[in-house]
Amino acid sequence: MKPSRDYYKKQKVQQRGCKALCCSCRLSVSSSEEAESSSSDQFPSVSSLAHAMVQERLDQMIRERQEARRKERRKQRDSEGTKFIVMVAMEKSSYDPREDFRASMVEMILANRIEETKDLRSLLNYYMSMNSREYHGIILEVFYKVCSSLFSRCKCH
């Protein structure tokens, strides 16, 4: 009589051993289980089922832990990129608003190490919201010149 496919699977598992972290044993079938399993090869032994269940649960726990670590790393990476910039608006009369806006913008960009587009956009929105409409044209012009002079360096070297 030719051995069944299940017999070869059992042999392969026994040779390979347990892949789970629960033990470093090789699956073994006792002589009484062997007698039972030979009569009913289609039903796996209780110990094999229990072992497979433990192995599956351990694999699931490992996957959950890896996912939690990935989420934590992602959260840390995202929080590292967040900048909090404190700006205080002051009412000021000026003889040269262009120069005052230019000096203020350069100071804000350098002091807060602003380089990201979204941060520059936030800074521009701040200046626009804190000043009256009559200065919006000047603010846009000065902001363009400041950004051009600070960020026009060639980044290929």
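1. Phe101 is buried, with a relative accessible area of 10%. Buried means under 20% relative accessible area, exposed over 50%, and partly exposed in between, with a 1.4 Å probe and protein chains only. This is a predicted model: local features need pLDDT of at least 70, side-chain atom pairs count only at pLDDT 80 or more, and totals for chains, interfaces and linings use all residues. Residues are numbered from 1 along each chain as its sequence is written, and side-chain values use heavy atoms, with hydrogens and water left out.

2. The overall fold comes next. The protein chain has six helices and zero strands. Its pattern along the sequence is α-α-α-α-α-α. Helices (H or I, at least four residues) and strands (E, at least two) are DSSP runs, numbered from the N terminus.

3. Of the 157 residues in the protein chain, 17% are buried. The chain exposes about 13,100 Å², and carbon and sulfur atoms supply 53% of that area. Accessible areas come from the Shrake-Rupley method with a 1.4 Å probe; for residues, only the protein chains shown count as cover. Among contacts with a separation of 6 or more, 59% join residues 24 or more positions apart. Contact means heavy atoms within 4.5 Å.

4. How many aromatic pairs does a search of the whole structure find? There are three. The rings of Phe101 and Tyr127 sit with centres 6.3 Å apart and planes at 80 degrees, so this pair is edge-to-face. Rings of Phe, Tyr and Trp (its six-membered ring) pair if their centres lie within 6.5 Å; planes under 30 degrees apart count as stacked, over 60 as edge-to-face and the rest as tilted. Phe101 lies in helix H4 (residues 97-111) and Tyr127 in helix H5 (residues 117-130), so the pair ties together parts 26 residues apart in sequence. Both Phe101 and Tyr127 are buried.

5. Phe101 also pairs with Tyr135, again edge-to-face: 6.0 Å centre to centre, with 65 degrees between the planes. Tyr135 is in the loop between H5 and helix H6 (136-151), 34 residues from Phe101. Tyr135 is partly exposed, with a relative accessible area of 28%. Ring pairs link Phe101, Tyr126, Tyr127 and Tyr135 into a cluster.

6. Now the helix packing. H4 and H6 pack at about 45 degrees, with axes 9 Å apart. Axes are lines fitted to C-alpha atoms, for helices over the stretch in contact, and angles run from 0 to 180 degrees between N-to-C directions. H4 and H6 are therefore oblique to each other. Angles under 35 degrees count as roughly parallel, over 145 as roughly antiparallel, 65 to 115 as roughly perpendicular and the rest as oblique. Residues of H4 that meet H6 include Phe101, Met105 and Ile109. Those on the H6 side include Ile139, Phe143 and Phe151.

7. How do H5 and H6 lie, and at what angle do they cross? Their axes come within 10 Å and cross at roughly 155 degrees. H5 and H6 are therefore roughly antiparallel to each other. The contact is made by residues including Leu120, Leu124 and Tyr127 of H5, and by His136, Ile139 and Phe143 among others of H6.

8. One backbone detail deserves a check. Arg113 has a positive phi of about 50 degrees, although it is not a glycine. Arg113 is found in the loop between H4 and H5. Arg113 is exposed, with a relative accessible area of 67%.
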